[in-house]
Amino acid sequence: MKIIVDVMSGDNAPLELIRGVKASAAENPDVEYIMVGDSDIVSKIASDNEIDISQFELVHSTEVITMEDDPLSATKGKTDSSMSVGLRMLADGKGDAFISAGNTGALFTGASLIVRRASGVRRAAIGAVLPMSPPVLLLDSGANINVTAEYLLQFAVMGSAYMRTIHGVEKPRVGLLNNGAEETKGTELQLEAYKLLSACPLINFVGNVEGNMVMRDKCDVLVTDGFTGNVLLKSIEGMGKMMLLTMKDLFYKNPKTMMAAMLVKSDIADIKKKFDPSEYGGAPILGIAKPVIKAHGSSKEKSFKSALRQAIFCARTGMAEAISGDMTELSRLRKEEKAAQKVSEEN
């Protein structure tokens, strides 16, 4: 297995990303890593920090897509960027998965246009694993600001395939994020999506899920538009950080509370780990023909290693192929439904 890694993109590139690759390689000796970036810069940074990268293939690129660049930069303008070169390598079959901590819009657009979407997929979506118990896959979490009910149906099918292959959930429960649990709640989009999701035999739809119920084990897959999903994701991450800071202030308030903290130290560590974004590392772009993972832009060694673990899981489990198969079946079912509806209207 070969993982193609963009080591030039992100706030802490290339040093922390090189360290992440090195740490991942130590845990996965059967995996090959191809680092893409300016070979002179990468080699010098590695040498200056005493990191031996001789075991990795290094593919040279001359440009870097910044966070401020246009989403079309990967296909127009900076075609020799580390992101563009890596995506073309994946498309050409030179690796099994690609990972980048770079510009989300450019990665999403580049993956869609260079690697291409899987058959039947109208819009790919960014999936984010929410730190719940059990975990919840949120999609879309930022790529598609405007969606249709048909897109939400596709997100539900893709998310179900992901949770089934990656997390082993046999019949993932799909929820529709809404402002009420009743099926009559929401805008026209939610009302139409509710009907499509309810009628789809490929998913286990459990109905509307309100924002305050997401943490209460109501679903395994939560679908919504990218704007709402991103707001929810950032809100949950922010709330987690606030809770940890509040606990810290409480336990360091006086000697008595500090003694209490020592008694529950391991439990506090478990809570901190649960809300630590670096434990998940990256988000898969679902609907692309081959695995593409978006790592956090601020990734450091630990976070990037976690994102690489995500890429390895996706490649090993055949996640992209599972999504492609389910989407092909969904396309067939939707064509049959529309044909039957047309006949009914004519009669």
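Author: What follows concerns the salt bridges.

The model is predicted, so that local features need pLDDT of at least 70 and side-chain atom pairs count only at pLDDT 80 or more, while totals for chains, interfaces and linings use all residues. Residues are numbered from 1 along each chain as its sequence is written, and side-chain values use heavy atoms, with hydrogens and water left out.

A salt bridge is defined here as a side-chain nitrogen of Lys or Arg within 4 Å of a carboxyl oxygen of Asp or Glu. By this rule there are 13 salt bridges.

One of them joins Glu16 to Arg19, with N to O at 3.1 Å. Both residues belong to helix H1 (residues 15-27), where they stand three residues apart, about one turn of the helix. Helices are DSSP runs (H or I, at least four residues), numbered from the N terminus. Glu16 counts as buried because its relative accessibility is 15%, whereas Arg19, at 27%, counts as partly exposed. Buried means under 20% relative accessible area, exposed over 50%, and partly exposed in between (1.4 Å probe, protein chains only).

Helix H11 (residues 319-346) holds both Arg332 and Glu336, four residues apart, again about one turn of the helix. Their closest N and O atoms are 2.5 Å apart in a salt bridge. Arg332 is partly exposed at 38% relative accessibility, and Glu336 is partly exposed at 44%.

Lys78 and Asp69 also form a salt bridge, at 2.7 Å from N to O; Lys78 is partly exposed, with 22% relative accessibility. Finally, Glu150, Arg334 and Glu337 are connected in a network of salt bridges.

Definitions and conventions: Helices (H or I, at least four residues) and strands (E, at least two) are DSSP runs, numbered from the N terminus.
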